[in-house]
Amino acid sequence: MRSLDIDACMESFMPYLEANRRTTNTVFHVSLDPSPEDKLTDEQLRKIACEYMERMGYGKQPYIVFKHKDISREHLHIVSLRVDEQGRKLPHDFEARRSMEILRDLERKYGLHPSVKGEEQADKVGLHRVNYREGNVKQQISSVVRSCLRNYKCSSY
């Protein structure tokens, strides 16, 4: 998570991409979204990202970690390749399931709040007045709307 020239990053991916032109799904992308309650340093985020990539089997691959805040909290995007330098396609069977298992394990290991998907979060939050001072207005409104749609019958919306 240091500043890099994007052209240099893409250049480091090229030998891998050129070694296998048959594989169509060459890019691996994941978003790691810690709970807003988890205040993590850059070093902690780096450690979690590296361990995640190792356990997913992409640790020896070149990868880029972007930290940003385009939603109500800081989160990471990791981009890597599913093709090794010799052109062999890396196995990605059950990747989503393995990813969730690894993420849950990392949450326990590092004492993080469990991540919750939108619908599950709406069930926990329930109906409450939107507080614009909290700053996550879009998320609050979304939660209220989902709860209303799930719990109330309306003749029209």
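Buried here means under 20% relative accessible area, exposed means over 50%, and partly exposed is in between, using a 1.4 Å probe and protein chains only.

A word on the ground rules. This is a predicted model, so local features need pLDDT of at least 70 and side-chain atom pairs count only at pLDDT 80 or more, while totals for chains, interfaces and linings use all residues. Residues are numbered from 1 along each chain as its sequence is written, and side-chain values use heavy atoms, with hydrogens and water left out.

**Helix α2**

Helices (H or I, at least four residues) and strands (E, at least two) are DSSP runs, numbered from the N terminus. Helix α2 covers residues 42-56, and its end C-alpha atoms sit 21 Å apart, which agrees with the 21 Å that 15 residues should span at 1.5 Å a residue. That expected span is 1.5 Å times one less than the number of residues.

Which residues of α2 are buried? They are Leu45, Ile48, Ala49, Glu51, Tyr52, Met53 and Met56. The buried residues of α2 pack against β1 (27-32), β2 (63-68), β3 (75-81) and α3 (95-109), where contact means heavy atoms within 4.5 Å.

**Strand β3**

In β3, 7 of the 7 residues are buried, so the strand is largely enclosed by the rest of the structure. In a regular strand the side chains alternate between the two faces of the sheet. Here His75, His77, Val79 and Leu81 point one way, and Leu76, Ile78 and Ser80 the other.

Strands count as paired if DSSP finds at least two bridges between them. β1 and β3 run antiparallel and are joined by 6 bridges; His29 has Val79 of β3 as its bridge partner. β2 and β3 also run antiparallel, again with 6 bridges, and His68 stands opposite His75 in β3.

**Asp38 in its loop**

Asp38 is found in the loop between β1 and α2, and it is buried, with a relative accessible area of 13%. What does Asp38 touch, not counting residues up to four places away in sequence? It touches Gly111, Leu112 and His113. Asp38 and Leu112 are 74 residues apart in sequence, yet 6.3 Å apart in space, C-alpha to C-alpha.

**Salt bridges**

Side chains of opposite charge can pair when their charged atoms come close. A salt bridge here is a side-chain nitrogen of Lys or Arg within 4 Å of a carboxyl oxygen of Asp or Glu. The structure holds 9 of them, including these:

| Pair | N to O distance |
|---|---|
| Arg46 and Glu43 | 3.3 Å |
| Glu51 and Lys109 | 3.0 Å |
| Asp105 and Arg108 | 3.8 Å |

Arg46 and Glu43 are 3 residues apart in helix α2, so about one helical turn separates them. The salt bridge between Glu51 and Lys109 links distant parts of the chain: Glu51 is in helix α2 and Lys109 in helix α3, 58 residues apart. Glu51 counts as buried at 16% relative accessibility, whereas Lys109 is exposed at 52%.

Asp105 and Arg108 both lie in helix α3, 3 residues apart, about one turn of the helix. Asp105 is partly exposed, with a relative accessible area of 27%, and Arg108 is exposed, with 59%. Salt bridges that share partners join Glu51, Arg55, Asp105, Arg108 and Lys109 into one network.
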